[in-house]
Amino acid sequence: MNAVLLSLQPPIFPHQHETARISPSRSMSPYNMASKKRKADDDNDDMSVSPLSSPALPSRPMARPSKKVRQANDDVAARPLSLPRLLETLDNTQLRTVLQTICERHADIGHEVITSAPRPTVACALDILAGYQEKVRATTPFGHTISDYAYFRVKQPLSSLLDAISDFTSQFLPPLEQQTNVSLQFLDGVTKVIHELPDWENQSYRHHKDAAYDEVSAAWAMVITEAAKRGGGFILHTGAWDQRLAKHNQQSGGKLEQAINALTHEVGWEGHNPITDTPAPSPSGRDPNSILNQLINGTYGSPVRVGPW
């Protein structure tokens, strides 16, 4: 019996001992060898610049253009208004109060304001008086215009109106006011204001209006006397101021007698007394044939009559 011997070595297949065949497409041509060499060189170069193999370079911050950044709360801070902006917030009454307070504290500033401020005009002064009149009317109780109750209601605004009349009348008198016509315009307007003052039932309250008439009558007399020095008072007749004064005296009940007397004696007014309805006396020593009287009578330049005609 033949013994079967098993070989301990692995079987050998024929193709393992054959020489490896080279595929025609992968033949080692000179061109392929050169390409492989270039690829190897490239791989070596990549490895040489690899971050792992290259030395670490110092990091340098990139320079950026400077830009001024405006902080939101740079201009947000508590600060008072400038003087021009503050003055914009004040009305006329507040502005006058502030200015008056400053002038009272500093006399030199007050004097500078007085000398620098323009003179009030007649229209401006009369507008202010009209404002005081409106305050008197606004406080007058309905249905009680001249009673004691009404007097005590309007006493304060009435006193303010009378003070304003006195102050402005002094302002428009010579020598402060050089133009006679301006003085007469104001006196004409302020006399109308006095006419509209209440005639109280109680006689003791009427002294306010009587005192106002006395003051304005003296003012008329002063202006008339001054006008008489300038052209013989010609402006009084050309502006019909003598007629206006006569009407004021009639409306006041003859309380402008001092002004009427000045008009009669200073410029030779020959009108009628509205109270007695008699001609006003001619001034003594006045020549009826004077140039002034001829201008007044409209006979200036007329042919002179000689002998009986």
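## Overall architecture

The model is a predicted one. The protein contains 12 helices and 2 strands. Along the sequence these elements follow the pattern α-α-α-α-α-α-α-α-α-α-α-β-β-α. Of the 309 residues, 25% count as buried. Among contacts between residues at least 6 apart in sequence, 59% join residues at least 24 apart.

One example of two residues brought together from separate parts of the chain is given by threonine 225 and leucine 263: they are 38 residues apart along the chain, and their C-alpha atoms are separated by 7.9 Å. Threonine 225 belongs to helix H8 and is partly exposed, with a relative accessible area of 27%.

## Aromatic contacts

A pair of aromatic rings is described by the distance of the centres and the angle of the planes. A search of the whole structure finds 5 aromatic pairs. In one of them, the rings of tyrosine 151 and phenylalanine 152 have centres 5.4 Å apart and planes at 75 degrees; the angle is over 60 degrees, so the pair counts as edge-to-face.

Tyrosine 151 also forms an edge-to-face pair with tryptophan 200, with 5.3 Å from centre to centre and 85 degrees between the planes. This pair links distant parts of the chain, 49 residues apart: tyrosine 151 lies in helix H6 (residues 148-171), whereas tryptophan 200 lies in the loop between helix H7 (180-195) and helix H8 (207-228).

The three residues named here can also be described by their accessibility. Tyrosine 151 has a relative accessible area of 4%, which is under 20%, and therefore counts as buried. Tryptophan 200 is buried as well, at 2% relative accessibility. Phenylalanine 152, by contrast, is exposed, with a value of 54%. Together with Tyr205, the residues Tyr151, Phe152 and Trp200 form one aromatic cluster.

An aromatic ring also takes part in a contact of another kind. Arginine 244 lies over the face of tryptophan 241, at 4.1 Å from the ring centre.

Rolling a probe the size of a water molecule over the atoms shows where empty space is left. The count comes to 2 cavities of 30 Å³ or more.

| Space | Volume | Lining residues by class |
|---|---|---|
| Largest cavity | about 40 Å³ | 6 nonpolar, 1 polar, 1 charged |
| Second largest cavity | about 30 Å³ | 2 nonpolar, 4 polar, 3 charged |
| Largest pocket | about 1200 Å³ | 13 nonpolar, 6 polar, 5 charged |

The largest cavity is lined by Leu158, Leu162, Leu197, Pro198, Trp200, Tyr205, His208 and Lys209. Helices H6 and H8 are the elements that give two or more residues to this lining. Two of the lining residues, Trp200 and Tyr205, are also members of the aromatic cluster.

The lining of the second largest cavity consists of Pro174, Glu177, Gln178, Gln179, Thr180, Ser183, Val223, Glu226 and Arg230. Here the elements that supply two or more residues are H7 and H8.

The largest pocket has 24 lining residues, and Arg96, Leu99, Gln100, Ile128 and Phe168 lie nearest its centre. At least two residues of the lining come from each of helix H3 (92-105), helix H4 (107-116), helix H5 (122-139) and H6. Helix H3 gives the most, with 7 residues.

## Local backbone features

Most residues other than glycine have a negative phi, and most peptide bonds are trans.

Proline 175 is found in the loop between H6 and H7.

At 25% relative accessibility, alanine 240 counts as partly exposed, because the value lies between the limits of 20% and 50%.

Key:
Residues are numbered from 1 along each chain as its sequence is written. This is a predicted model: local features need pLDDT of at least 70, side-chain atom pairs count only at pLDDT 80 or more; totals for chains, interfaces and linings use all residues. Side-chain values use heavy atoms; hydrogens and water are left out. Rings of Phe, Tyr and Trp (its six-membered ring) pair if their centres lie within 6.5 Å; planes under 30 degrees apart count as stacked, over 60 as edge-to-face and the rest as tilted. Buried means under 20% relative accessible area, exposed over 50%, partly exposed in between (1.4 Å probe, protein chains only). Helices (H or I, at least four residues) and strands (E, at least two) are DSSP runs, numbered from the N terminus. A charge sits over a ring if NZ of Lys or CZ of Arg is within 6 Å of the ring centre and within 35 degrees of the ring normal. On a 1 Å grid over the protein atoms alone, a cavity is a set of points where a 1.4 Å probe fits but cannot get out, and a pocket is an open set with protein on both sides within 12 Å along at least five of seven lines; lining residues have an atom within 4 Å of a point. Grid points are joined across faces, edges and corners, and a volume is the space filled by probe spheres set on the points. Ala, Val, Leu, Ile, Met, Phe, Trp, Tyr, Cys and Pro count as nonpolar, Asp, Glu, Lys and Arg as charged, and the others, Gly among them, as polar. Contact means heavy atoms within 4.5 Å.
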